[in-house]
Amino acid sequence: AFRRSRGISFNRCTFRHLGAGALQFDGGAHESLVRSCHFYDVSGTAVQIGSYNTSKERDPDRQELRITVTNCKIEDVAAEYHGNAGISVGYSAGTTISRNEISNL
């Protein structure tokens with residue numbers, strides 16, 4: 001998990017055979033990019049951005065801001081934690097999810 005991180009970038013990476021989620025940005029992660037990555041055989045979600053219990057957070061340093069997931073291939077995730085999404089976004093601002101191929105959840 002990347003908490004309170006800035007400028008994290010994953011480009012053309014492969015994430016496979018993982019027993020939990022692959023990437024998680026929370027606790028105030030800002031300006032991060034996941035581009036052209038391949039996720040498969042992941043037990044949980046491929047990418048988690050933010051949480052679902054931070055709707056009242058007012059401190060920008062603790063909010064997830066400007067995170068992008070683009071041109072990724074996500075397949076065969078949520079293999080053991082059924083019901084997970086390929087990309088899951090909680091409370092976040094400036095998030096961009098674009099041109100991803102998601103299948104076999």
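Is Ser88 buried or exposed? Ser88 is buried, at a relative accessible area of 11%; buried means under 20% relative accessible area, exposed over 50% and partly exposed in between, with a 1.4 Å probe and protein chains only. The legends below describe a predicted model, in which local features need pLDDT of at least 70, side-chain atom pairs count only at pLDDT 80 or more, and totals for chains, interfaces and linings use all residues. Residues are numbered from 1 along each chain as its sequence is written, and side-chain values use heavy atoms, with hydrogens and water left out.

**View 1. Surroundings of Ser88.** Ser88 sits in strand β10, residues 87–89. Strands (E, at least two residues) and helices (H or I, at least four) are DSSP runs numbered from the N terminus. Setting aside neighbours within four places in sequence, Ser88 is in contact (heavy atoms within 4.5 Å) with Thr45, Val47, Gln48, Ile49 and Tyr52.

View 2. Strands β3 (residues 14–18) and β6 (residues 38–42) run parallel and are joined by four bridges. Two strands pair if DSSP finds at least two bridges between them. Arg16 has Tyr40 as its bridge partner in β6. Strand β9 (residues 73–77) also pairs with β6 in the parallel sense, over four bridges. Here Val42 is opposite Val77 of β9.

**View 3. The largest nonpolar core.** This core has 18 residues, and Phe25, Val34, Phe39 and Val47 touch the most other members. A nonpolar core is a set of buried Ala, Val, Leu, Ile, Met, Phe, Trp, Tyr and Cys residues joined through side-chain atoms within 4.5 Å. At least two residues of the core come from each of β4 (23–26), β6, β7 (47–49), β8 (64–70) and β9. In soluble globular proteins, nonpolar side chains tend to be buried together.

View 4. Most residues other than glycine have a negative phi. Arg12, in the loop between β2 (9–11) and β3, has a positive phi near 60 degrees. Arg12 counts as exposed because its relative accessibility is 69%. Ala78 lies in the loop between β9 and β10 and has a positive phi of about 60 degrees. Ala78 is buried because its relative accessible area is 5%.
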